[in-house]
Amino acid sequence: MDIERDLSRVDDDGRVKRTGNLFTATTHIVTVVVGAGVLALAWAMAQLGWIAGIAVIFVFACISLYTYGLIADCYRFPDPITGKRNYTYMQAVGSYLGGTMHVFCGSVLYGKLAGVTVGYSITSSISMVAIKKAICFHRKGHDAYCKFSNNPYMIGFGILQVFLSQIPDFHKLTWLSTLAAATSFGYAFIGSGLSLATVIQGNGQPTSLFGKRIGPDQSESEKIWKVFSALGNIALASHFATVIYDIMDTLKSDSPENKQMKSANVLGITTMTILFLLCGGLGYAAFGDNTPGNILTGFGFYEPYWLVALGNVFIVIHMVGAYQVMAQPLFRVIEMGANMAWPSSDFINKGYPIKMGFLSCNVNLFRLIWRTAYVILATVLAMAMPFFNEFLALLGAVGFWPLIVFFPVQMHIAQKQIKRLSLKWCMLQLLSFISFLITATAATASIRGISKNITKYKLFMYKQ
């Protein structure tokens with residue numbers, strides 16, 4: 001009886017029974033994709049125009065629906081229903097494609113995760129400064145000098161993340177992820193609502209089917225570079241491949257994980273697309289060619305100042321949760337590697353129980369030191385490169401082709417044993433090649449934008 005009871009508490013891999021479901025998986029997806037990058041989509045729409053802007057959002061959504069379905073089918077190896085679990089994206093690539101691709105995937109995947117945490121530090125500090133600026137403009141007038149350093153806010157955000165980073169693993173993040181997902185809808189609807197109010201009041205600016213026009217304030221080459229950068233912004237907003245296997249590894253096995261995840265993909269990506277169109281379309285309709293990089297922090301809106309400030313409070317809360325959702329897989333892989341390398345080390349593996357009032361937890365020395373050091377490094381890098389749009393576009397470009405298209409396509413070909421040069425094989429490779437071109441052009445444009453901005457300010461002395 002004891003053995004039966006013990007078996008009822010574990011899954012097929014001997015780990016504690018998973019309790020995640022369609023709702024929690026969808027919540028995690030929304031937390032990742034409905035990030036502050038959503039508020040940059042109006043700027044992206046302004047560069048592309050109505051036709052290309054809407055088309056690109058729909059195309060990226062369709063690609064995501066298809067390829068995330070392929071990723072879900074590769075959670076187990078070799079059979080998507082009964083095979084052995086792959087706990088990480090990197091492990092799945094290793095199972096299906098071998099060692100060389102395994103290493104390539106790891107470098108892209110965890111480099112992207114690290115970059116996103118830096119990006120979230122930048123975003124949170126910009127929003128905290130925006131709260132202070134909203135109050136300053138309200139009190140002193142819209143023409144007042146209201147510029148403040150981002151650094152104190154980045155440091156404060158980093159200190160909070162040091163504490164939150166001691167959450168042991170992804171399974172313990174549901175409460176934080178749910179809170180972050182709720183606030184993401186809050187600021188997305190505030191940004192969309194303020195844009196809609198501007199349009200209804202007749203204060204919307206002229207727009208174009210083809211985006212910002214070439215003229216005295218924008219050369220032809222500058223237009224092309226900004227279009228490429230806009231593609232990177234939309235690519236980033238569509239991205240949750242970095243954590244998809246961590247999400248799947250929380251799902252209970254009463255029905256196949258791949259089917260549950262595909263349903264969560266549909267719900268998450270549909271929600272994502274609706275919000276993208278609302279934020280991007282309404283923001284562009286409100287500001288036209290002068291659409292700021294972020295409609296809540298770029299001060300397209302000054303009043304009601306309390307609503308602008310509240311929207312930025314929601315962004316900060318969301319960034320707090322999203323940082324952990326993205327950082328935990330990186331923490332996990334380093335700690336798994338350390339456990340495998342030094343299985344008998346107390347420093348690596350032993351937990352020390354600590355009780356403070358009604359709170360109790362296990363503190364692991366390696367986790368404490370390594371995660372704290374990581375958060376400090378990410379914070380310092382954010383202070384050195386506080387460029388919102390260009391950094392978001394670079395992160396989106398770097399991750400789009402390899403993680404959303406190339407690896408899923410190659411794993412699907414290996415899993416289904418699709419014949420080389422068959423029609424399906426050729427179509428999959430064409431999709432991969434087109435996606436590579438998008439990644440290459442968007443990354444080039446982003447690096448160009450960052451290099452131009454770096455020459456304009458002193459290191460660690462940026463004021464917004």
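I began with a proline: P78 sits in the loop between strand 1 (76-77) and strand 2 (84-85). My helices (H or I, at least four residues) and strands (E, at least two) are DSSP runs, numbered from the N terminus. The peptide bond that joins F77 and P78 is cis, with omega about 0°.

A note on the source: this is a predicted model, where local features need pLDDT of at least 70 and side-chain atom pairs count only at pLDDT 80 or more, while totals for chains, interfaces and linings use all residues. Residues are numbered from 1 along each chain as its sequence is written, and side-chain values use heavy atoms, with hydrogens and water left out.

**Overall form.** I looked up the fold elements and found 15 helices and 4 strands in the protein. The radius of gyration (taken over C-alpha atoms) is 23 Å, and the globule rule (2.2 Å times the number of residues to the power 0.38) also gives 23 Å for 464 residues, so the protein is as compact as a globular protein of that length. The C-alpha trace spans about 75 × 65 × 40 Å along its principal axes.

**Cysteines.** How many disulfides does a search of the whole structure find? It finds 1, counting a pair of cysteine sulfur atoms within 2.5 Å as a disulfide. The partners are C136 and C146, with their sulfur atoms 1.9 Å apart. C136 is in helix 5 (residues 99-140) and C146 in the loop between helix 5 and helix 6 (151-164), 10 residues apart. The torsion about the S-S bond is about -70°, so this disulfide is left-handed. Both C136 and C146 are buried. I then turned to C279, which is in no disulfide; its nearest cysteine sulfur, that of C62, is 19 Å away. C279 is buried at 1% relative accessible area, whereas C426 is partly exposed at 33%.

**Helix 7 and helix 10.** The axes of helix 7 (residues 174-200) and helix 10 (residues 257-287) come within 8 Å and cross at roughly 35°. For this I used lines fitted to C-alpha atoms over the stretch in contact, with angles from 0 to 180 degrees between N-to-C directions. The crossing is left-handed, meaning that the near helix is turned anticlockwise from the far one by less than a right angle.

**S121.** Is S121 buried or exposed? S121, in helix 5, is buried, with a relative accessible area of 1%. Leaving out residues up to four places away in sequence, S121 touches M154, F157, Y323 and A382.

**Positive phi.** Most residues other than glycine have a negative phi. I noted Q417, with a positive phi of about 55°, in the loop between helix 14 (388-416) and helix 15 (423-454). L421 is in the loop between helix 14 and helix 15 too, and its phi is near 70°. Q417 is exposed at 68% relative accessibility, and L421 is exposed at 63%.

Notes
Buried means under 20% relative accessible area, exposed over 50%, partly exposed in between (1.4 Å probe, protein chains only). Contact means heavy atoms within 4.5 Å.
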